[in-house]
Every structure is written in C-alpha cells, then in structure tokens.
Amino acid sequence: MELPTPGAPGEHASLRVPLWLHRRSAARPGAPLASGVWAAASEAPPRAAGVAQQAVKLTYFGLWAKGPSVALALEHSGLDWEGAFPDDWSGMKETTPFFELPVLEVPELGMVGHELAILNLVGRRVPEMAGVSEKDFAISQQLLNQGEDIYQKLSKIKTGLITGEEAAGFWTDENAKTHNRNYGIKVFLRLLESFMSKCASGDDRFTSSGNTVGECKLFASLHSCKLIRDDVLEGYPGLARFYARFAAEPATQAVLADGAKMPGPFAQYFK
C-alpha cells in the first residue's frame, strides 16, 4: 500500500528468539536452538534506547489499513519489535521490495514486503500464531484471505472503483447468488458466522488460541468496518463475540490505543 503520510524516523531492526523456544531450551538445558531461528546479525546496527538488540522493525503509515494486522500479530506473538512511520516516503519508496508498505526488517532476511507475507512469517517463526494444529493453521489461512477480501472491497470504494448505488449497496446487499466480486458486507459476515460455527473452537474464536495471524487480519478488517458502521456486526452474534473478545485482549488494546510500539496511533483510513 502506498500513502503519502509522513511519520517519525526509526532505526534498523533485528529479531529475538521467541518465547516458545526459550521454554524448550529451559526444559532441555544445553539443547541448542534451531540454526538460524531469529538469530541476530553478526554485526547488529545500533538500537534506539529501550529497544532490544534482536527486535524486528515494522514500517507503515499511521493509518488503519494494511499495517495494523501486522502490529496486532507482532504484539500478540510476544516477539520484540519496534515500529516506525516513514520519515520520507518518497525517498524510502524505492528501497522497499515492491515500492509499498508495510515492510518488516529482519536481520537474516533483510526487508520483507507484503502484509500477508509478513503475517505468515510471524506465524512460521512463532507456531502458536500460525495455528497449534493443522486444523487451526487451515482456519487461520482462510481467515487471512477472507479478511483481505473485505479489505479489497473497502479499498475499491475508497478509491472510486466502486461508486454510487453499488458502493451504498455494499452495506445492505444480502444477495449471495451473485458473483463473489459483488458480495456486500452482509454476505461476508454471514459466511464468516457460519464458518465460525463449523470451526467449533468456542463461541468467541475461530481457532483454539483465538489469536492466530488469520484472526489478527480478520479483526483488522472488521475494525475498519466498525469505524464506518458501528452496528455492522448486529445480527451476527458469533462475530460480535469474537470482535469483543479480541478487542479486549491487552495486546489488542495496546495497538488500538496508541499503536503499541508504533510512534503513534493508527488513524481511521476508510470512511
């Protein structure tokens, strides 16, 4: 995503060993960690005060669009991370892999682009975020893509690719027999409500943990909708419980309140 929104500068970042590996090492004293897992670069650059030497760095604009799902996943994962707004986006743009944000700086990998790729990297490095079972992994991946489908519809409305009655119909149309490119939010929500019931992981979550990268992405998209229409989840009790439970998590509260480790909060983007 490319938005000409200035922010605060940040330093280069690195990563730390996740909590689950620390627990494994403690349980088996002397056992080596997997080669290359969140290893710090041999010559790590200077860190900002108070930032761990092995933290990753998320760069994104101060808007609730493509970056918040990554901030949510990082905060829920327990990984050390720091955030930055681009100080000079026009100068930074061509240093990014795909000339867009978000990007995550990882010492042994360099700069990683694309929201969904970053989310899956978090899940790979912290398996609890990917899903503790194959079932949870499959659920999370489906939510990742369903959350993106909702985001894309909101984006097309904002950029004028969908206008007039079709744009207004996004909030009211319940026709599920049309082509899926024409689905309104009520169809998306009905399908998610049914999917949640089939997942059978609880009445306020899709997976056993409730905090996978897919659920982070879905929450971010639902929150975008809630900022526009606060009553959007009325009539979808399961999704309403999911939203309320996830929103109340301390990690989520930190991101909602002030961006957690970002320089400031994420402002509303879709209106």
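Tutor: Happy to. Let's start with A130, which sits in helix α5, residues 127–130 (helices are DSSP runs of H or I with at least four residues, strands are runs of E with at least two, and both are numbered from the N terminus). This is a predicted model, so local features need pLDDT of at least 70 and side-chain atom pairs count only at pLDDT 80 or more, while totals for chains, interfaces and linings use all residues. Residues are numbered from 1 along each chain as its sequence is written, and side-chain values use heavy atoms, with hydrogens and water left out.

With a relative accessible area of 14%, A130 is buried (under 20% is buried, over 50% exposed and in between partly exposed, with a 1.4 Å probe and protein chains only). Setting aside neighbours within four places in sequence, A130 contacts G123, D136, F137, S140 and T212, where contact means heavy atoms within 4.5 Å. Its C-alpha atom is 8.3 Å from that of Q141, 11 residues apart along the chain.

Now the sheet. Four strands form an open, mixed sheet in the order β3-β1-β4-β5; two strands pair if DSSP finds at least two bridges between them. Its edges are β3 (81–84) and β5 (110–113), each pairing on one side only. Neighbouring strands are turned by 25 degrees against each other on average, direction ignored. Axes here are lines fitted to C-alpha atoms, for helices over the stretch in contact, and angles run from 0 to 180 degrees between N-to-C directions. β4 (residues 103–106) pairs with β5 in the antiparallel sense over four bridges, and V106 stands opposite G110 in β5. Helix α2 (residues 68–77) packs on this sheet, touching β1 (56–59), β3 and β4, with its direction at about 160 degrees to that of β1. Helix α4 (residues 115–125) also packs on the sheet, touching β4 and β5, and its direction makes about 115 degrees with that of β5.

The loop between α3 (89–92) and β4 contains P102, which a cis peptide bond joins to L101, with omega of about 10 degrees.

Next, the helices around α10. The axes of α8 (residues 185–199) and α10 come within 8 Å and cross at roughly 80 degrees, so the two are roughly perpendicular (under 35 degrees is roughly parallel, over 145 roughly antiparallel, 65 to 115 roughly perpendicular, the rest oblique). L189, L192, E193 and M196 of α8 meet P237, G238, L239 and F242 of α10. For α9 (residues 213–228) and α10 (residues 237–248), the axes come within 11 Å and cross at roughly 105 degrees. In this contact, residues of α9 including F219 and L222 meet F242, Y243, R245, F246 and A247 in α10.

A200, in the loop between α8 and α9, has a positive phi of about 55 degrees although it is not a glycine. At 61% relative accessibility, A200 is exposed.

Finally, the largest nonpolar core has 65 residues, and L74, I185 and F206 have the most contacts inside it. Such a core is a set of buried Ala, Val, Leu, Ile, Met, Phe, Trp, Tyr and Cys residues joined through side-chain atoms within 4.5 Å. Not counting residues up to four places away in sequence, I185 touches I150, F170, W171, C225 and V232.
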